[in-house]
Amino acid sequence: MDDPYHNNVSQQMTEGGDYTYTQDGGGQDGYPYQTDYPPQDEDAASDATEGADEDDQMYEGEYQGIPHPDEIKEARRAARVEARRKARMAAQQEEEEESLPEQYETIMEDCGHGRFQWMLFFVLGLALMADGVDGFMVGFVLPSAEKDMCISNADKGLLGLLVYVAMMVGALVWGGLCDKMGRRKCLIYVLTIDLVFSFLSCFAQSYGFFLFLRFCSGFGIGGSIPIVYTYFTEFLQMDKRGEHLSWLCMFWMFGGLYASFTAWGIIPHYGWGFAIGTHLQMHSWRLFILVCLFPALAALIGLVFMPESPRFLLENARHDEAWMILRQVHDTNWKAKGEPERVFTVTNIKTPQTQEDEFIEIQSETGTAFQRWTVRKMTMLQQVMANIMSLSAPELRLQGLLLVIVWFCLAFSYHGLGVWFPDMIKYMQYEEYESKVRIFHRERVERFHFNFSLVNQIHREGEYIHDKFANIEIKSVKFESSLFENCYFEDIKSTNTFFENCTIKNTVFYNTDLWQDKFKNCRMENATFLHPKKGCHLNFQEENDIVIYMVSFLGSLAVLPGNIISALFMDKIGRIRIIGGSMLASSACTFLLLLSFSQGAVICWQCLFYGVSVAAWNGLEVISVELYPSSKRGTAFGILNGICKFAAIIASSIFAAFIGITKIIPIFLAFAALVCGGMVALKLPETREKILS
């Protein structure tokens, strides 16, 4: 028999004794052939069966808690898969973050501009109007409040200073919080704080308590401007932002008009006040504060029906809420335009998830309720601080520095001259009044009944014997080195009236406000004071000159043309030209103040300056919300608005110091600041075609 290996044939014998032949060739004859397969024994096993039997056996290390080698391999393989998944998600998230601004802009264009934006416009406008009212309120109530509460000149200045400090702090705090808590929620908090503390300040009888309540109110309303502009911007498409944000600025002007008009109509009417008990006196200036609460109250009620900013929700990975709000905006606008059949077709919106959000979610699942609250608030504070620090990033550092310079220069000149104008008018009134003073020297009046008012007089070395002063007003009168003997004073109202180095003998003062502070180095001999009016008392005819209200009213009204022009041309000629041109034109207007030698001239130049400079304010506020990304927009605007208040504090102190001394220095400072700010503004990047990042 031939060797089977040499013939490329292999033989295999079955257990039944039969053979099967397999040829290594590739032909049909090489296929194995077998007649019948006999049944195998139970213990017979193939390779596959043997492998299955080994897997079914218990791993001996399991009893000792040692992981199976296959489990270790599986865990490593799962870790690698998870790492690759996270890498893909990170890349996808970066792509989504880059595409979110473009997608959001497309969605807002699809939603259109219509009824929804106009409703939000008026609600946010009322909130901005409330800020304007608060800015004018202190100046109107001070002339009455200082008499009602016996406020000294130093304390009077402290009130204005603290209100500005409170607004500065409020802008910094609420601007940062609105990027983490939400625009709508923070604005509700801001208006509520202002309403509560302003309402309580109406009933404050002591100056210290009144000061504290006005500080708290200022802290609240100080955050309204950063939030309002940030909030409204995120509901506007690119080609509508400049115009409609400029229209929104007009509400600050309406706040000034409202405050001026209501103060003019309420404060001089002393009889409109009333008493609650014996200690609580509600004079008309307190009623004026109550009336000033109406814009904030109306804005708060309107905000209840407004949604949160969808852009804020998307930045915080709240996709479903943002989608519902965007559909609401879409449906509201197109139904109002007569096209209710249009359907909101957006089905998916990019929503990046932040590490801070994950951290809060993890921490919120553990600990007590107080611990979770503490963790959330501390984390939010850390996020706000991180947001502030991130503004110093290289890509934001230069434009942020330029904005700071422009904001400071414009606020310094605007608020400085805003203090200088009314104080200069008052000084001119005082000079004119002093020039008409009547001087009486060594007059002797005996047994005479003074039943007419004494106004703007100086009496030196006079003698008044058996005279009666009854039911009269003594205004800006000074008695120097005079003798009053056997005289009778009854129902006297005095304003800026003093007795210096006088001798008063056997004289009765009945129901008068002539008290210790009115007598300087005087000698009293048997003088009697019956039912004296101690302390300070209101004299509305003296303290509330009509010029105070008229100047504020005309100054607020003068910005109307500038507002309209800036709104119409903001998107046509650009923000940079508006800001730079307005500031340089305003600097030219300041030189006209050198030609002001009368009250009327000062009022005219004031109106001209306000009308020209308002365009710079509008452009600056528009560009400030457009330059920064959504996650930092409120924080950045809050810092810029805080710098504005800081500049106002410095300017108020400097400009007020030169009243009555010289007008050259205040005018030169305002001119230099406006020129510097205008030149720097021309270096800012143009944003009229910039998609909100």
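Me: Hi! Let's start with serine 476: is it buried or exposed?
Reply: Serine 476 counts as buried, because its relative accessibility is 14% and the cut-off for buried is under 20%. Keep in mind that this is a predicted model.

Me: Where is serine 476 placed?
Reply: It sits in strand β10, which covers residues 468-480.

Me: And what is its phi?
Reply: Phi of serine 476 is near 55 degrees, which is a positive value in a residue other than glycine. Most residues other than glycine have a negative phi.

Me: What about serine 481, what phi does that one have?
Reply: Serine 481 also has a positive phi, near 50 degrees, and it too is a residue other than glycine. Its place is in the loop between β10 and β11, where β11 is 483-485. With 40% relative accessibility, serine 481 counts as partly exposed.

Me: Switching to sheets. What is the strand order in the open sheet of 5 strands?
Reply: The order is β6-β9-β11-β14-β17, and the pairing is parallel.

Me: Which strands stand at the edges?
Reply: Those are β6 (444-446) and β17 (523-525). Each has a single partner strand, so one side of each has no neighbour in the sheet. On average, neighbouring strands of this sheet are turned by 5 degrees against each other, direction ignored.

Me: How many bridges join β6 to β9?
Reply: There are 3 bridges between β6 and β9 (residues 463-465), and the two strands run parallel. In one of the pairings, glutamate 446 has isoleucine 465 in β9 as its bridge partner.

Me: Now helices. How many residues does α12 have?
Reply: Helix α12 has 18 residues, 319-336. From its first C-alpha to its last it reaches 26 Å, close to the 26 Å expected at 1.5 Å a residue.

Me: Which residues of α12 are buried?
Reply: Buried residues in α12 include His319, Ala322, Ile325, Leu326, Val329 and Trp334. His330, Thr332 and Asn333 are buried as well.

Me: What comes just after α12?
Reply: Just after α12 you'll find glycine 338, with a positive phi of about 85 degrees.

Me: Last topic, the surface. Which residues form the nonpolar patch there?
Reply: The patch is made of Phe294, Leu297, Ile301, Val304 and Phe305, and together they have about 530 Å² of accessible area.

Me: Where is phenylalanine 294 found?
Reply: Phenylalanine 294 is in helix α10, residues 294-304. It counts as partly exposed, at 49% relative accessibility.

Terms used
Residues are numbered from 1 along each chain as its sequence is written. This is a predicted model: local features need pLDDT of at least 70, side-chain atom pairs count only at pLDDT 80 or more; totals for chains, interfaces and linings use all residues. Side-chain values use heavy atoms; hydrogens and water are left out. Helices (H or I, at least four residues) and strands (E, at least two) are DSSP runs, numbered from the N terminus. The expected span of a helix is 1.5 Å times one less than its number of residues. Buried means under 20% relative accessible area, exposed over 50%, partly exposed in between (1.4 Å probe, protein chains only). Two strands pair if DSSP finds at least two bridges between them. Axes are lines fitted to C-alpha atoms, for helices over the stretch in contact, and angles run from 0 to 180 degrees between N-to-C directions. Patches are made of residues with over 30% relative accessible area and no salt bridge: like charges are joined within 9 Å, nonpolar side chains (Val, Leu, Ile, Met, Phe, Trp, Tyr) within 5 Å. Accessible areas come from the Shrake-Rupley method with a 1.4 Å probe; for residues, only the protein chains shown count as cover. A salt bridge is a side-chain nitrogen of Lys or Arg within 4 Å of a carboxyl oxygen of Asp or Glu.
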